[in-house]
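Please have a look at the structure as it comes up.

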Amino acid sequence: MEIILNAEAGILVKSHKSAFSEKNRVRELLLAKADLYNNLSFIKSDPIQIPRRFSRKEDIEISAFLAAVIAWGQRTTIINSANRLMMWMDQSPYEFVMNFGERDLKPFEKFVHRTFNGDDCLAFLHALKRIYQCEGGLETLFQTSLKGEKTNPGRGLSRFKASFFSGDHLHRTRKHLPDPLQGSAAKRMNMYLRWMVRKDAAGVDFGIWKTINPAILYIPLDVHTARVARKLGMLKRKQNDWKAVMELTRNLRKVDPADPARLDFALFGLGAFEKF
């Protein structure tokens with residue numbers, strides 16, 4: 001592969017067997033594509049549009065968390081399902097979580113998004129109520145869980161899951177939060193953390209959580225980012241698991257040590273929109 005400059009797109013890639021050995025050119029490609037896709041037009045087809053309608057911190061983080069939890073499958077279906085949840089919460093997720101009674105939960109009993117069903121939905125709502133009433137909210141729980149895990153936040157995400165499910169719930173509901181210690185790539189939780197923690201002038205991510213350093217964030221790995229990363233020589237591992245997340249993020253930190261998750265825009269954009 002050979003990487004060449006282009007006035008319109010910044011940098012394009014054409015075939016030549018030696019390009020991926022040239023680390024500086026790969027770095028230029030990633031940075032250029034991150035700038036290209038990290039813009040507000042990205043929001044139009046992304047679940048991040050759900051929390052975008054809110055201004056209150058707690059509304060943003062709760063709506064974003066629920067949207068991230070169900071963020072698998074077709075984007076249109078994800079957005080429609082998340083919109084249904086917001087409608088049943090009267091477009092005030094924080095007030096709903098803090099004050100709902102059993103009668104208010106009736107609509108949620110019939111919620112279905114792929115394998116996330118009504119029982120799962122009720123368990124998540126009760127857990128969120130406990131977390132906001134008794135444990136300081138999602139930011140506090142994530143910050144406490146991730147504390148001291150600069151080299152492997154996977155342990156922190158595992159602790160978050162254990163804390164989240166410390167109340168009553170069906171065992172099957174546990175599968176809807178990832179556990180990197182069991183190998184999960186934790187794509188949706190890493191995406192959620194990117195939304196909440198990182199902030200820049202582009203304005204896509206919220207950056208409302210100041211207690212977590214964006215330098216410790218890990219890449220939200222999916223089929224698009226993994227495929228592109230392997231083509232660029234940034235990822236050798238064949239499985240899309242937590243070890244792959246660690247390997248890829250470690251290499252992305254060489255490009256941007258302070259904000260490695262920013263490069264998610266480059267990898268995802270190349271894979272999803274350019275079919276790289």
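This is a predicted model: local features need pLDDT of at least 70, side-chain atom pairs count only at pLDDT 80 or more; totals for chains, interfaces and linings use all residues.

Let me begin with a convention: a crossing of two helices is called right-handed if the near helix is turned clockwise from the far one by less than a right angle, and left-handed if it is turned anticlockwise. Residues are numbered from 1 along each chain as its sequence is written, and side-chain values use heavy atoms, with hydrogens and water left out.

With that convention in hand, α3 passes α6 in a right-handed crossing; helices here are DSSP runs of H or I with at least four residues, numbered from the N terminus. The axes of α3 (residues 57-69) and α6 (residues 118-134) come within 12 Å and cross at roughly 150°, where an axis is a line fitted to C-alpha atoms over the stretch in contact and the angle, from 0 to 180 degrees, is taken between N-to-C directions. The two helices are therefore roughly antiparallel to each other, a term for angles over 145 degrees, whereas under 35 is roughly parallel, 65 to 115 roughly perpendicular and the rest oblique. On the α3 side the contact (heavy atoms within 4.5 Å) is made by E58, E61, I62, F65, L66 and V69, and on the α6 side by F124, L128 and Y132. By class, this contact has seven nonpolar, no polar and two charged residues, counting Ala, Val, Leu, Ile, Met, Phe, Trp, Tyr, Cys and Pro as nonpolar, Asp, Glu, Lys and Arg as charged, and the others, Gly among them, as polar.

The second pair is α7 (residues 138-146) and α8 (residues 154-164), whose axes come within 7 Å and cross at roughly 135°, which makes α7 oblique to α8. This crossing, too, is right-handed. Among the residues in contact are L138 and F142 of α7 and F160 and F164 of α8, and the contact divides into seven nonpolar, three polar and one charged.

A pocket is an open set of points on a 1 Å grid over the protein atoms alone, with protein on both sides within 12 Å along at least five of seven lines; in a cavity a 1.4 Å probe fits but cannot get out, and lining residues have an atom within 4 Å of a point.

The largest pocket has a volume of about 560 Å³, a volume being the space filled by probe spheres set on the points, which are joined across faces, edges and corners. Of its 30 lining residues, A71, K187, M191, D222 and F268 are the closest to its centre. Which element gives the largest share of that lining? It is α9, with five residues.

The second largest pocket, of about 290 Å³, is lined by 13 residues, with K23, G233, M234, N251 and K254 nearest its centre.

Finally, there is one cavity of 30 Å³ or more, and the largest cavity holds about 50 Å³ of space. Its lining includes L146, P153 and N190, and divides into seven nonpolar, one polar and no charged residues.
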